[in-house]
Amino acid sequence: MRSIEDLLQEIPTFAGLEPQWLELIAGCGLNRTFAPGEHLAREGDPADTFFVIRHGRVALEIGAPGAGDLMIETLGEGAVVGWSWLFPPHRWSFDARAVEQVRAIVFDGACLRGKCDDDKGLGYELMRRFAAVMLDRLQATRLQLLDVYGKPVAG
Amino acid sequence: MSGAAVTIERDGLDDLIAALKRRGFETIGPTVRDGAIVYAEIDGVGDLPAGWTDEQDGGHYRLRRREDEALFGYAVGPQSWKRWLHPPELTLWRAGRAVDGGLEIETEPDDPPSYAFLGVRSCELHAIAIQDQVLKDGAYPDPFYSARREGAFLVAVNCTVAGGTCFCVSMETGPRAEAGFDLALTEVVEPERHYFVCEAGSERGAELLAELPRAGAGDAELAAAAAGVAAAAADQGRQMDTEGIKELLYDNLEHPRWDEVSERCLTCGNCTMVCPTCFCTTVEDGSDLAGESAERTRRWDSCFTLDFSYVHGGSVRSSARSRYRQWMTHKLATWIDQFGTSGCVGCGRCITWCPVAIDITEEVAAIRADALD
Amino acid sequence: MANRSPAETDPTASAVASPGAARAPMTPRPFRVLARRQETADTWTLTLEPADGAPAPRFEPGQFNMLYAFGVGEAPISISGDPDADGPLEHTVRAVGPVSTAICRAEPGTELGLRGPFGSSWPLAAAAGRHVVIVAGGLGLAPVRPALLAALARRESLAGLVLLCGGRSPGELLYADQMVGWGQDPRLELGVTVDAAERGWSGHVGVVTTLIGAAPFDPARAVAFVVGPEVMMRFTAQALLDRGIDPADIHLSLERNMKCAVTQCGRCQFGPTFACREGPVMSLAAIGRFFGVREL
């Protein structure tokens, strides 16, 4: 089985990171498997971790009273799940649930945060890369908001 | 043209109109009504606007008395010949529904009069040719337009007076009629004589001309006619630089000028009604109360209406800015890609009849002077 | 039916659908509703054949007919059936206004008026040896379904075939039953995503552009057919450009107000193009300079 460090190099979010930082980040990661239906994270929980999906599909969900759990996005292989570990108040803002069996790398965000405080260069790199992930998700979410397939309201 | 030019005296026009009537034509020509030059059915010279001229400018039209009795001493009025060739309202077909749900649809029988148009200006000849391309010469000829157009007898008049908003010289559509007419007249009014230099533009024009009292046109008469046309050419009220105009407008679709002009534009659509080349229409489907018979009528419409671009619960062009831009860029730019010529013939009607005096030549000049890179 | 050569796909040839059409292009022909199938809460597929027993006109994938509901009006509706099959014409219609609602309500045996087919078509003939990538959003799957069926029929001549579908929610996906078959068809790579779903949906959730990055096609050999709401087409086109497909190989299906469908009412103009003649299918290269202009 390939090392976490090797895997990280293929994830677009971490591509091009300097080797010593890749090694450092990989050192904060552990492989984990989630059974179908198992939660990787729950809304409101402290966000001290983030995940990189190696295999399988994860659904991001929000529970709305009376509407059940709404799936707002699904993420698959190579995707990064979770950015609240980087930003206060460090709390998960949605549920992340394995739709099928999921193999993922869990990263100790709390530990990485400490390392970013010590090494501003690492901090800048991670901030930049996670900002790019958020930008992509935000753009996609905005398109979802437009409800382009919705029934047109007569003008 | 077929044959040499001849002269006809003023009263010879009565013979011309009579000859057209003998051939079964309903002759439409200029008359004075409601303070404007209005095209209507005419029976003789007496119906023509003798001694009238027009004063035109942005948002301004007045008739004034001339010092002579010229019959065509004015430019163009609010109407154009499309009023007869491309009727403002028309029933296209009627349908009936049987009890079993079966449909029967019948194209409306169409038996229009044979029209003769007396007094067609060169810009109007170009406009008719432009509408021919849109409505008659494409893959789906409009049978109603074709029925009125094919066989229409066109008696052109070469302008000897330029209108205050005319710019046919810029658009290369006049003032002299070059083609597309059966007969062309140039009016000469002298203290002792009122006559027309006349040339035939077709075989049937020549045949009709041969029935009229006429004489060969001499050098002095030809020169007088030419001088009149030259005066109209020299006295143009407006001008438009058409060099590269298509690319200019394509490159300036977000120019701030559109915001400025749209603050004035009322989207009233007058320009589209008076423009001789505007052809856009809408259809209306209706039925009787019992739901047994239905019909579709076609009506003139304007790209200035919100309904024109309505799709999916809203209009594509909801702002006045976008609608003015659509009209002007269609007329001067996209028309060229669509039909091979400009859509504008420089008649100036849109300038004269705009209630807020928006001037298409001024808009082009403003964008050109300050074009976006 | 074998591949049609470009000469056989002259749109004007197939567009003059009946002897009467050339004489009076605005007069509809009566067509009888043979079948009516509900697809989603507000969408139906109607199958129509000429009421006089004459054969239905042939059409190219991407073309549309003007359908008339007695006494109500006419609407441009894309043909959604198999272009290689002779016989009745399928139209998938969404009830969004009085005309489309009246059409959707037409029971078998009712007669509607029909004019057409009109418009340009998906360039399948030129796609031989290429990787065809279809991206359809919402009701957009209907106008491109003929191209999908034709591509499946001549799959050996293509380098690949990918279908990416986006919809509002699982219940609003078109042709859901056929999609199961497409997902299992080895000739086709299928990706489906919805904007939102309740738990129980085991597929993707997210906008259709999220499927493009990982879709299995070679951009250098790809030709894309994109259809859906205009916003969706704009962002999809950008995502395809980002993957390296040439603008001349990205084809969109544009929708505009239409009353005549014969370039005479003036309403369907988009820049210099008439959506009823140069469109509805147009390449991004052909319209690129106009496509992003607001309210054009």
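What share of the 373 residues in chain B is buried? Hold that thought for a moment, everyone.

A quick word on the ground rules. This is a predicted model, in which local features need pLDDT of at least 70 and side-chain atom pairs count only at pLDDT 80 or more, while totals for chains, interfaces and linings use all residues. Residues are numbered from 1 along each chain as its sequence is written, and chains are lettered from A and ligands numbered from 1 in the order in which they are written.

Back to chain B: the buried share is 49%. A residue is buried if 20 or more other C-beta atoms, placed from the backbone, lie within 10 Å of its own. Chain B has 13 helices and 16 strands; these are DSSP runs numbered from the N terminus, with at least four residues (H or I) for a helix and at least two (E) for a strand. Its radius of gyration, 22 Å, agrees with a compact globule of 373 residues, which would have a value near 21 Å. That radius is taken over C-alpha atoms, and the globule rule is 2.2 Å times the number of residues to the power 0.38.

Now please look at chain C. Here we find 7 helices and 16 strands, and 57% of the 296 residues count as buried. The C-alpha trace spans about 50 × 40 × 40 Å along its principal axes.

Chain C is divided into domain 1 (6-117) and domain 2 (125-253), with bounds that come from an automatic or database domain assignment. Their centres, taken over C-alpha atoms, are 25 Å apart. Where they touch, domain 1 of chain C gives 16 residues and domain 2 of chain C gives 15 residues. Two residues are in contact if their C-beta atoms, placed from the backbone, lie within 7 Å. On the domain 1 side, strand 1 (29-40) and strand 5 (89-94) of chain C each supply at least two residues.

Finally, how does chain C meet chain A? The contact takes 25 residues from chain C and 20 residues from chain A. On the chain C side, the largest share, 3 residues, comes from helix 6 of chain C. There is strand pairing too: strand 5 (residues 68-75) of chain A and strand 10 of chain C pair in the antiparallel sense over 2 bridges, where pairing requires that DSSP finds at least two bridges between the strands.

Methods: A residue is buried if 20 or more other C-beta atoms lie within 10 Å of its own, exposed if 12 or fewer, and partly exposed in between; C-beta atoms are placed from the backbone.
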